[in-house]
Amino acid sequence: MGFRSETATITSETLAALVKQFLAAERPRRLRLYEYYRGEQGVDKGRVAAGRPNNRLVSNYAKYITDVHTGYFLGQMPTFTFAGKRVQERMTRAMDRACLSTLLFEAARDMSICGEGFLLTWLEQEGPRSARLDPCGTFAITCGIREETVAVVRLQTTGNGCAAGELYLPGACRDWTFDGWDVTLGALQQLPLPVLPVACFRN
């Protein structure tokens, strides 16, 4: 399911409509797919006669297929080359510290399970850091014919159809709250780099 905006500027009305759409349809679908991956889905066996044991068996074949396919898909991890020996050494150390190979595997696994994976990147004094964003609470907003990603929404449900989270934009971030009908946007926080801080992986 795609989440599109008519313009690259994300208004509170646009965000409210997309959050409603995500909570109503896409989030339940992704949660169901993760239940299959973990082997936690229900087994519909029909009616069981009184007094007989209700034996149910879950064969977690979805997890096996996903993990093996993702492992083969990644294969040899990519290498990154930077201009200058000193920059190369610093960036290699930073990427090793960030466990980039593990994060890429997790993003590829998320992509295999529910169609999208997300990695959030930010700068610290020691260098760039990254973390996986849960696709059951994250979605990308696209715009235009080429469907370029213009924003990424991260949310946590707060009960009674309400939610709160962050809206990631190129070079900026905004907190937001959703009361079930409308979105209230917080102040715009500028980020050090003028790029979208979330990498999106789509299947």
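The model is predicted. In it, three strands build an open antiparallel sheet, arranged in the order E2-E1-E8. Strand E2 (127-133) and strand E8 (198-202) are the edge strands, each pairing on one side only. From one strand to the next, the twist averages 25 degrees.

Seven bridges link strand E1 (residues 116-124) to E2 in the antiparallel sense. Leu123 stands opposite Pro128 of E2. Helix H4 (residues 100-114) packs on this sheet and touches E1, E2 and E8. The direction of H4 makes about 150 degrees with that of E1.

## Five-stranded sheet

A further open sheet is formed by five strands in the order E3-E4-E5-E6-E7, again with antiparallel pairing. Its edge strands are strand E3 (138-143) and strand E7 (183-190), each of which pairs on one side only. Here the twist averages 20 degrees from one strand to the next.

Strand E6 (residues 172-178) and E7 run antiparallel and are joined by six bridges. Trp176 stands opposite Leu185 in E7. Helix H1 (residues 12-38) packs on the sheet, where it touches E3, strand E4 (148-159), strand E5 (162-169), E6 and E7. The direction of H1 makes about 70 degrees with that of E4.

## Ala16 in helix H1

Ala16 lies in helix H1 and is buried, with a relative accessible area of 7%. Apart from neighbours within four places in sequence, Ala16 is in contact with Phe178, Trp181, Asp182 and Val183. One of these residues, Trp181, is 165 residues from Ala16 along the chain, yet their C-alpha atoms are separated by 7.0 Å.

## Helix H3 and its end

Helix H3 (residues 85-97) contains 13 residues. From its first C-alpha to its last, H3 reaches 18 Å, close to the 18 Å expected at 1.5 Å a residue. Just after H3, Cys99 adopts a positive phi of about 55 degrees.

## Aromatic residues

The structure holds four aromatic pairs. Among them is the pair of Tyr34 and Tyr37, which is edge-to-face, with 6.3 Å centre to centre and 75 degrees between the planes. Because Tyr34 and Tyr37 are three residues apart in helix H1, about one helical turn separates them. An α-helix has 3.6 residues a turn, so residues three or four places apart point the same way. Both Tyr34 and Tyr37 are buried.

Phe3, Phe22 and Phe139 form one aromatic cluster.

## Cysteines

How many disulfides does the structure hold? The number is zero. A disulfide is a covalent bond between the sulfur atoms of two cysteines. The closest cysteine sulfur to that of Cys114 is in Cys136, at 6.0 Å, and therefore too far for a bond; the cut-off applied to a pair of sulfur atoms is within 2.5 Å.

Cys114 is buried, with a relative accessible area of 4%. Cys143 is buried as well, with a relative accessible area of 14%.

Note on methods. Residues numbered from 1 in each chain as written. Predicted model: local features only at pLDDT ≥ 70, side-chain atom pairs only at ≥ 80, totals over all residues. Heavy atoms only, no water. Helix = DSSP H or I, 4+ residues; strand = E, 2+ residues; numbered from the N terminus. Expected span 1.5 Å × (residues − 1). Pairing = 2+ DSSP bridges. Axes fitted to C-alpha atoms, helices over the stretch in contact; angles between N-to-C directions. Contact = heavy atoms within 4.5 Å. Buried < 20%, exposed > 50% of the residue type's maximum accessible area, 1.4 Å probe, protein only. Phe/Tyr/Trp six-rings, centres within 6.5 Å; stacked < 30°, edge-to-face > 60°.
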